[in-house]
Amino acid sequence: FRKNQPMDEFARAMITASGSTHRFGPAVVYRDKRTPDEMAKIFSQAFLGTRLECARCHNHKTDPISTEEYYSMAALFAGVWHGAQHGMHSVRVANPGVMRVHLRGSAASLGQEVPPAGVSALAGVNADFKLTSAASDAERRKAAADWMTNPANPLFSRVIVNRIWHHLIGKGLVRTTDNFGMMGEKPSHAALLDWLAHQFVVDQWSVKKMIRRIVMSRTYRLASTGESVGWAGDPENRLIWRANRKRLTAEAIRDSILSVSGQLSMQQGGYTIRKFSQYDFGYEFNTIRRSVYVPLFRNTLLEVLETFDVANPNVVSGRRSETTLPTQALYLMNSPFVNAEAERAGERISRNGVTDAERVRLAYRLALGREPSAVEADVVMKFIGKSKTDQKSRAWSALAHSLFGSVDFRHLD
């Protein structure tokens, strides 16, 4: 993403990846030894917004996907197998063999043979890849990548654009980001989604250009507050008459705390897991690098990430849950991590500024990205003024701690 790799190339690299999951990033998607039909479901959901699960045992009840097509999609990934290379997990290829329909979803009850193919209901792209059961893994996955990323595919560009819109605006034009089928929601602005998808292809699948187009729009610049008749007519903001108030993601909350304390490392690249032989239980998350470099294990998550609704690493999650729980407030109040970073932030604030008033302004700018209001400044100045000279550092730490626990710290307006 930093290098602005075209999205179609990114998707193709993910679908056709092989080699070490530690040395070749895209291969990590195959790391958890998923079955061929699981891989078909993951890529269909991620890139096409299509849920295949219902067609495993019978024809899909709501979408035009047959059981035969379900297993034809699975056949595309039947040649992927897992091994070890130089002590590291790797993705290799093998003879895919014949794929048969699993009657009622049971691998013990096999039905007719099906060729590697796509879903015929997608208009504009041919789902018949002219492949037989003798086709190699490379042929199968290349055909899958060509079919999914074809500019004529009506879903790929719309699904990706909708995901970008969701992350920038707070809710997608299609709010069910992982499901564009009959059980998903209809787009709130269908013509806008069509136009953005077209521009995405015209811009050669550039994510950065799409981000620039959205953030320079009037819609992105709207405020989330203020009075309007929209509250009565459209309280859910489906017509986007105001901005959606967005809570920071779990990763952003952690990174923001480290940033305020001055501890956040901006180092780029390198390994995320320090001991390759010791995963999951007992792993020590003692890194100060950005959260994008913090490993996500199936059974053990960093506490701050788990507390604030990080996406489940075991499944595709286009839209995260967003809960408000007492445990979140208790974490910000009692966590050793938050307390330690608040102490460091207090020391940082006390070392800067000539006057206490300047330090108050610095604290608010660091934590909330704004100046304190007159009332806030007055309350804080009285609190600092009551502290003894030898306890001023603790007072500044207490201020930083209270800002970490504030609603403004966790939300974007």
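Predicted model: local features only at pLDDT ≥ 70, side-chain atom pairs only at ≥ 80, totals over all residues.

I found tryptophan 205 in the loop between α6 and α7. Its phi is near 60 degrees, a positive value in a residue that isn't glycine.

Helix α6 covers residues 190–202 and helix α7 covers residues 207–215; their axes come within 9 Å and cross at roughly 140 degrees. So I wrote α6 down as oblique to α7. The crossing of α6 and α7 is right-handed. On the α6 side, I see Trp195, Leu196, Gln199 and Phe200 making the contact, and on the α7 side Val207, Met210 and Arg213. Sorting the residues of this contact gave me five nonpolar, one polar and one charged.

Arginine 104 has one, near 55 degrees, and it isn't glycine either. It sits in the loop between β4 (99–102) and β5 (110–114). Buried or exposed, this arginine 104? Exposed: its relative accessible area is 76%, and the cut-off for exposed is over 50%.

Last stop, glutamine 45, in helix α2 (residues 36–48). I logged glutamine 45 as buried, because its relative accessible area is 9%. Which side chain does its own side chain make a polar contact with? That of arginine 51, at 3.3 Å. Setting aside neighbours within four places in sequence, I listed the contacts of glutamine 45 as Thr50, Arg51, Glu53, Arg163, Asp178 and Val316.

Conventions: Residues numbered from 1 in each chain as written. Heavy atoms only, no water. Axes fitted to C-alpha atoms, helices over the stretch in contact; angles between N-to-C directions. Helix = DSSP H or I, 4+ residues; strand = E, 2+ residues; numbered from the N terminus. Parallel < 35°, antiparallel > 145°, perpendicular 65-115°, else oblique. Left-handed = near helix turned anticlockwise from the far one by under 90°. Contact = heavy atoms within 4.5 Å. Nonpolar A, V, L, I, M, F, W, Y, C, P; charged D, E, K, R; others polar. Buried < 20%, exposed > 50% of the residue type's maximum accessible area, 1.4 Å probe, protein only. Polar contact = N/O pair within 3.5 Å; in protein donor to acceptor, adjacent residues only side chain to side chain.
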